[in-house]
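Colleague: I am new to this structure and would be grateful for a close look at one part of it. Please place that part within the whole first, and then describe the parts that belong with it.

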Amino acid sequence: MALIASIRRATCIRAMDLSPGELSLAISLVRLDVVARVAPHAPNVTPIAASAVFAGMVLRSRALAVAVPLSAMLASDLVFGAYDWRIMGVVYAALALPALLARWGRARPMLVLAPLVLSSSLLFYATTNFAVWAFSGMYAHDLYGLVLCYVAALPFLWNTVAGDALWTTLLFGCWWSAKFLLAPAPGGVLTAASRYSRLLSSIRHARA
């Protein structure tokens with residue numbers, strides 16, 4: 001509910017300075033990412049890449065958008081502990097890059113969202129597993145070892161694609177629903193209020 005409330009605040013402050021609303025939304029995304037990553041979940045099914053794409057498209061600040069996945073990874077890694085810094089660097093970069101790529105699609109989100117999310121999943125798979133092959137010592141440093149590394153990671157790829165698609169659908173579904181329900185309408189205050197009441201009713205229904 002905190003994320004929905006942040007989305008509501010961000011959509012309602014369009015005519016004013018968006019910094020407080022954007023910061024609140026970014027913090028809510030980081031909290032969601034950390035909780036989802038720390039809680040029990042299927043391997044690679046987390047909202048971090050999806051929230052990076054979401055932040056890149058929705059937040060006006062490029063730095064704030066990139067900070068969302070990086071902050072979430074840093075905070076959750078305080079729980080899990082550090083590992084090889086070279087692999088960590090590749091993982092962090094692979095999760096931050098979608099936030100930058102998403103800014104190119106801000107003008108046509110409906111057209112580029114699905115290809116962007118899929119390419120982000122594939123990029124994560126390609127770069128992080130190359131880092132594992134290169135730095136972990138688990139595989140021989142030859143072509144056979146590289147192929148073996150990628151083949152062994154295929155189940156994680158399916159999870160990554162499915163998880164990114166699921167979380168992207170949830171995040172953008174909430175965002176576009178809030179924009180539709182809370183946007184000012186020609187009917188005036190009463191119409192906007194009725195939309196707000198519809199949103200609260202749907203939230204209460206979902207919690208029941």
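Modeller: The protein has nine helices and zero strands. The model is a predicted one, and what follows should be read as a description of that prediction. Read along the sequence, the pattern is α-α-α-α-α-α-α-α-α. Of the 208 residues of the protein, 41% count as buried. Among the contacts with a separation of 6 or more, 69% are made by residues 24 or more positions apart. The accessible surface of the protein is about 11,200 Å², and carbon and sulfur atoms contribute 71% of that surface.

After the helix comes G81, which has a positive phi near 95°.

D77 forms a salt bridge with R37, and their closest N and O atoms are 2.9 Å apart. This pair joins distant parts of the chain, with D77 in helix α4 and R37 in helix α2, 40 residues apart. In general, side chains of opposite charge can pair when their charged atoms come close. Are the two partners buried or exposed? D77 has a relative accessibility of 6%, which is under the 20% limit, so D77 counts as buried. R37 counts as buried too, because its relative accessibility is 15%.

The count of salt bridges comes to two. The other pair is D84 with R86, where the closest N and O atoms are likewise 2.9 Å apart. Here D84 is partly exposed, with a relative accessible area of 23%. R86 is also partly exposed, with a relative accessible area of 32%.

Leaving aside neighbours within four places in sequence, T46 is in contact with R37, H41, D164 and W167. T46 counts as buried because its relative accessibility is 13%. The loop between α2 and α3 also holds N44. Although N44 is not a glycine, its phi is positive, at about 70°. At 29% relative accessibility, N44 counts as partly exposed.

V38 counts as partly exposed because its relative accessibility is 39%.

The C-alpha atoms of V68 and V53 are separated by 10.0 Å, and the two residues are 15 residues apart along the chain. V53 lies in helix α3. With a relative accessibility of 1%, V53 counts as buried. Which residues does V53 contact, leaving aside its neighbours within four places in sequence? They are P98, A102, L113, L116, V117, S120 and F172.

Helix α6 spans residues 109-135 and has 27 residues. Its reach from first C-alpha to last is 37 Å, close to the 39 Å expected at 1.5 Å a residue. The buried residues of α6 include L113, L116, V117 and S120, and each of these is among the contacts of V53. Further along α6, S121, F124, Y125, T128, N129, A131 and W133 are buried as well. α6 is followed by G137, which has a positive phi near 80°.

Key
Residues numbered from 1 in each chain as written. Heavy atoms only, no water. Helix = DSSP H or I, 4+ residues; strand = E, 2+ residues; numbered from the N terminus. Expected span 1.5 Å × (residues − 1). Buried < 20%, exposed > 50% of the residue type's maximum accessible area, 1.4 Å probe, protein only. Contact = heavy atoms within 4.5 Å. Areas by Shrake-Rupley, 256 points an atom, 1.4 Å probe, with all protein chains shown as cover. Salt bridge = Lys/Arg side-chain N within 4 Å of Asp/Glu carboxyl O.
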